[in-house]
2 protein chains.
Amino acid sequence: MKPCDFNYSLRVRLKKEESFFGPGVAQLLRLVDQTGSLQTAAATMQMSYSKAWKIIRIAEKELGFSMMERHVGGAGGGSSQLTALGRDFVDRYESFQRDVYDVADKLFEKYFLTDCENGVRE
Amino acid sequence: MKPCDFNYSLRVRLKKEESFFGPGVAQLLRLVDQTGSLQTAAATMQMSYSKAWKIIRIAEKELGFSMMERHVGGAGGGSSQLTALGRDFVDRYESFQRDVYDVADKLFEKYFLTDCENGVRE
């Protein structure tokens, strides 16, 4: 019996000709939703503000709607929040990703963990 | 109604600390199986022979068994073929990948194609 000493990784992206929405921008938008700040969201992911801004713009352009609204000014220096369409889209992507992972876990078990030593991944 | 004008992409890899087996090496090994030649297999994928050799070596090292046997010499300048374990492993990876895609197709439909114009992907 061989030991079960490897795992799998899986990445889901949405694309037209090019990818425009993946785990990074989804996490970023979720963090904007939670923190009310694109700057905080980007910093949390150790991503530059300009890159954060750019990947959201690309997604919005391809999807044809705004995902995030900025409220400029005020005591805190402005804030950002998701639009209803933006939040709904992030929800869908996260659900899609989660369900794919759930099934992939079971399939990985079926194909790779049935004849090894402990039957569980490291 | 919005048009259904995007699709998804998905990549499945096997990993320990690092990825060691993905779509590229799987396709390469399948081509070795079909052509009996690593050189032909690599050329078909527009991959250098040395890279082809390297990615197979990495997979073999991580898995702890040989996936390919070389038969040196002879009129045709030698040939390569998969070991039984190698072929079995490629079979499993392809089945894993295919089943993940099948389910992901259905999930993509569920989450992204239910409220758009034609209900089918481009």
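Predicted model: local features only at pLDDT ≥ 70, side-chain atom pairs only at ≥ 80, totals over all residues.
Local features need pLDDT of at least 70 and side-chain atom pairs count only at pLDDT 80 or more, while totals for chains, interfaces and linings use all residues; side-chain values use heavy atoms, with hydrogens and water left out. Residues are numbered from 1 along each chain as its sequence is written, and chains are lettered from A in the order in which they are written.

Contact here requires heavy atoms within 4.5 Å. By that rule, 32 residues of chain A touch 32 residues of chain B. The area buried between the chains is about 2,900 Å², and carbon and sulfur atoms give 64% of it; buried area is the accessible area (1.4 Å probe) that two parts lose on being put together, summed over both. Of the area that chain A buries against chain B, 22% is supplied by Arg92(A), Phe96(A) and Tyr111(A), more than by any other three residues.

A salt bridge is a side-chain nitrogen of Lys or Arg within 4 Å of a carboxyl oxygen of Asp or Glu. Three salt bridges cross the interface of chain A and chain B. Asp99(A) forms a salt bridge with Lys110(B), their closest N and O atoms being 4.0 Å apart. On the side of chain A that touches chain B, the elements giving two or more residues are β1 (7-15), β2 (19-21) and α4 (84-112) of chain A, where helices (H or I, at least four residues) and strands (E, at least two) are DSSP runs, numbered from the N terminus. The largest share, 15 residues, comes from α4(A).

β1(A) pairs with β1 (residues 7-15) of chain B in the antiparallel sense over nine bridges; pairing needs at least two DSSP bridges between two strands. Within this pairing, Leu10(A) has Val12(B) as its bridge partner in β1(B).
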